[in-house]
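I opened the notebook to record what I looked up, one entry at a time.

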Amino acid sequence: MFIQPDDRRRLLEAAKLAATRAYCPYSRFPVGAAALSGSGNVHAGCNVENASSGLTICAERNAMAQLVASGESPPRPVAVLVYTPTPTPTAPCGACRQVLHEFNPDCLVVLACDGPDAIETTLDRLLPAAFGPADRDRGRLA
Ligand code: THU
């Protein structure tokens with residue numbers, strides 16, 4: 001899978017802007033994410049923390065929710081870029097991997113940072129043998 005340089009630039013710009021809007025008074029760790037839809041639109045999100053810690057929303061899930069809420073049909077991310085203002089890339093947490101998997105198991109994932117080395121991978125590699133919508137349907141009681 002391949003992402004056009006211009007799309008990658010747009011994703012990076014959107015994710016960086018989103019990171020500046022992060023609500024992270026507890027961790028002081030801002031994260032920005034941007035999801036590219038099949039129709040070429042970019043949807044960004046930042047992490048939104050909560051005093052009760054467990055209710056914190058990660059940037060990737062926020063970006064995915066923005067894509068869905070915008071009315072994209074299908075609500076399918078072709079690529080998601082995660083940006084952290086760190087020297088090395090930051091991997092998405094397990095919960096975010098699972099949420100992205102719901103919408104595109106083959107999604108391209110780009111991990112960008114302030115250092116020179118970005119990582120380009122796929123959700124399939126980040127979350128192999130995942131539980132998905134089909135598994136849920138298979139287990140449904142009659
Ligand atoms: N965070 C994300 O936004 N995405 C991830 O995939 C990992 C963690 C956020 C949650 C929290 O606000 C902060 O980073 C520190 O864990």
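Which backbone atom lies 2.8 Å from an oxygen atom of the ligand? I looked it up and found a backbone N or O atom of Cys-93 at that distance. I noted at the start that this is a predicted model.

Entry 1: I then turned to side chains. An N or O atom in the side chain of Glu-49 is 2.5 Å from an oxygen atom of the ligand. For Asn-47, a side-chain N or O atom is 2.9 Å from a ligand oxygen. I count these as polar contacts because the cut-off for such a pair is 3.5 Å.

**Entry 2: what surrounds the ligand.** I listed the residues around the ligand: Ser-27, Phe-29, Val-31, Asn-47, Glu-49, Thr-56, Cys-58, Ala-59, Glu-60, Pro-92 and Cys-93. Sorted by class, this shell holds six nonpolar, three polar and two charged residues.

Entry 3: Where does the ligand sit? I found it in the largest pocket. I wrote down a volume of about 150 Å³ for this pocket. Its lining is made of 14 residues, and those closest to the centre are Phe-29, Val-31, Cys-58, Ala-59 and Glu-60. I sorted the lining of the largest pocket as well, and it has eight nonpolar, four polar and two charged residues.

**Entry 4: the backbone.** I checked phi and omega next. Most residues other than glycine have a negative phi, and most peptide bonds are trans. Arg-28 has a positive phi, near 55°, and is not a glycine. I placed Arg-28 in the loop between helix 1 (5-20) and strand 1 (32-37).

Which two residues does a cis peptide bond join? I noted Ser-73 and Pro-74, with omega at about 0°. Pro-74 belongs to the loop that runs between helix 2 (59-69) and strand 3 (77-83).

How values were computed:
Residues numbered from 1 in each chain as written. Predicted model: local features only at pLDDT ≥ 70, side-chain atom pairs only at ≥ 80, totals over all residues. Heavy atoms only, no water. Near = heavy atom within 4 Å. Polar contact = N/O pair within 3.5 Å; in protein donor to acceptor, adjacent residues only side chain to side chain. 1 Å grid on protein atoms, 1.4 Å probe; cavity = no way out; pocket = protein on both sides within 12 Å on 5 of 7 lines; lining within 4 Å. Sits in = over half its atoms within 2 Å of the grid points. Nonpolar A, V, L, I, M, F, W, Y, C, P; charged D, E, K, R; others polar. Points joined across faces, edges and corners; volume = space filled by probe spheres on them. Helix = DSSP H or I, 4+ residues; strand = E, 2+ residues; numbered from the N terminus.
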